[in-house]
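Reader: I'd like to go through some labels with you and hear what each one rests on. Shall we get started?

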Amino acid sequence: MQVQGKDLLMRECILPLALIATSVDAFAPTLMGGLAVRALPWPAARASCVGLRMQEDAEKKPSGENAGLCAKANAVAGMATPLPQVDDDYSQELEEAVQKAAHLIHNAASISVFTGAGISVDSGIPDFRSPGGLWDKYDPSYYCNYEVFKQSPHLFWTMAREIVLTIHEGQGGSIDDALRSGTFLTAPPNAGHDALVQLELLGKSVTVITQNIDGLHKTAGSSRVVELHGTDRTATCITCRNQVEQKDIVRQWAEMPEAQRLLGRLADDGFVPRCQICNGVLKADVTFFGEALPAGAMSRAVAAVMASSVCIVVGTSLQVAPANMVPSMVKARFGKVVVCNLDESGRSQADVFIKGSSTVTIPKLVAAVHRLQASGAPRSMCSVQ
């Protein structure tokens with residue numbers, strides 16, 4: 001394959017720099033998480049996925065570079081649990097797509113993963129953009145606007161606490177009990193998050209780039225995570241820049257007079273968490289409209305995508321920035337795009353499209369990669385086909 005000098009300059013230099021320089025105002029916050037202090041026990045699906053065994057088949061002893069990986073994998077708690085069975089109701093077309101994607105990943109040393117709201121739905125975090133979702137009640141362009149926040153911070157914290165209660169209720173908790181006790185359940189990582197961790201344990205260099213603020217990739221154990229829109233796991237004082245954990249926000253909420261909490265009207269209680277050092281207003285460390293992305297987030301994301309020969313896109317429609325830039329960035333370096341979505345979103349941009357829930361498709365994909373490694377399948381030095 002020959003590329004003329006002008007085209008090479010565009011692919012290698014101008015395009016990446018242009019993408020890094022793109023106005024950050026285009027990127028709206030995706031509020032996916034909630035403030036919480038206690039998690040439910042992780043579901044059986046998580047325990048099974050964490051138990052993915054990366055040792056060679058029983059008849060075959062690990063050898064070469066796989067030996068170290070197997071030892072590392074078996075040291076992880078729960079590794080004795082068998083890989084979950086996820087083959088039910090899969091069509092031949094999807095089976096072929098999984099196998100094709102697995103070969104691309106098997107051949108790749110560096111992989112980027114771009115995730116959106118869809119990967120966290122099975123953790124019990126609803127898609128707030130859906131009809132009847134939270135965004136129908138709270139317009140994020142107003143409630144998550146930094147200029148509005150500076151004047152009326154209680155508006156954001158009203159919405160944020162409703163997200164907390166929504167997630168708490170989705171985990172099986174009682175809102176009345178939560179308001180009375182000041183203890184809220186949070187969403188755990190699911191099998192999709194866990195499978196991406198297992199991909200690292202298979203020896204792949206994996207960078208997860210997420211639009212979500214729920215922190216579930218880090219909780220699951222992914223070692224390289226770029227949170228494009230920040231995280232709700234911490235908050236920072238807008239006056240003295242003191243940073244606190246989300247549990248400190250919850251504690252302040254819980255310390256409100258019980259009668260005030262039990263009113264059940266979050267919009268009327270005027271709650272705004274305060275810095276314990278200077279009494280300044282605390283702001284969640286998520287990107288509001290009118291704010292820049294976290295320092296270096298976009299440049300790290302672009303660098304990771306451009307360095308990977310395969311990008312796995314999970315749970316995002318690829319319709320808005322920055323998600324819609326991913327396919328062109330990957331293909332500018334002749335890489336491959338694997339899209340895993342519950343609906344048809346992203347099929348036209350994908351080299352390989354896998355339809356289904358990420359708690360099924362991602363573990364299935366990683367299991368297929370593991371089988372290729374265990375079988376000793378040869379690796380191509382180039383994933384371009």
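This is a predicted model: local features need pLDDT of at least 70, side-chain atom pairs count only at pLDDT 80 or more; totals for chains, interfaces and linings use all residues.

Reader: What makes Asp343 partly exposed?

Author: Buried needs under 20% and exposed needs over 50%. Asp343, at 40%, falls between those cut-offs, so it counts as partly exposed.

Reader: Where does Asp343 lie?

Author: In the loop between strand 10 (336–341) and strand 11 (352–355). Leaving out residues up to four places away in sequence, Asp343 touches Phe353 and Lys355. As for Thr316, it is 27 residues from Asp343 in sequence, with 9.8 Å between their C-alpha atoms.

Reader: What makes the link between the side chains of Asp343 and Ser345 a polar contact?

Author: The distance is 2.9 Å, and the cut-off for such a pair of N or O atoms is 3.5 Å.

Reader: Over to Ser112. Why is Ser112 called buried?

Author: Its relative accessible area is 0%. Buried means under 20%, so Ser112 is buried.

Reader: Which residues does Ser112 touch?

Author: Not counting residues up to four places away in sequence, the list includes Thr207, Ile209, Ala304, Val305 and Ser308. With Ser308 there is also a side-chain polar contact, at 2.9 Å. Ser112 itself sits in strand 2 (residues 110–115).

Reader: Now Asp214, in the loop between strand 4 (205–210) and helix 11 (216–220). How do you know that Asp214 has no salt bridge?

Author: The nearest side chain of opposite charge is Arg233, 5.6 Å away. A salt bridge has to be within 4 Å, so this buried Asp214 has none.

Reader: What does the side chain of Asp214 reach, then?

Author: The backbone nitrogen of Leu216, at 3.0 Å. A polar contact of 2.7 Å also joins the side chains of Asp214 and Ser120.

Reader: One last topic. How many residues are in the largest nonpolar core, and which have the most contacts inside it?

Author: There are 38 residues, and Phe156, Trp157 and Trp253 have the most contacts inside that core. Among the elements that each supply at least two of its residues are helix 8 (153–170), helix 12 (246–254) and strand 6 (230–237). Helix 8 gives the largest share, eight residues.

Reader: What lies apart from that core?

Author: Another core, of 30 residues, including Ala108, Val310, Ile362 and Leu365.

Technical notes: Residues are numbered from 1 along each chain as its sequence is written. Side-chain values use heavy atoms; hydrogens and water are left out. Helices (H or I, at least four residues) and strands (E, at least two) are DSSP runs, numbered from the N terminus. Buried means under 20% relative accessible area, exposed over 50%, partly exposed in between (1.4 Å probe, protein chains only). A polar contact is a pair of N or O atoms within 3.5 Å; within protein, one must be able to donate a hydrogen and the other to accept it, and residues adjacent in sequence count only if both atoms are side-chain atoms. Contact means heavy atoms within 4.5 Å. Lys and Arg count as positive and Asp and Glu as negative; His and the chain ends are not counted. A nonpolar core is a set of buried Ala, Val, Leu, Ile, Met, Phe, Trp, Tyr and Cys residues joined through side-chain atoms within 4.5 Å.
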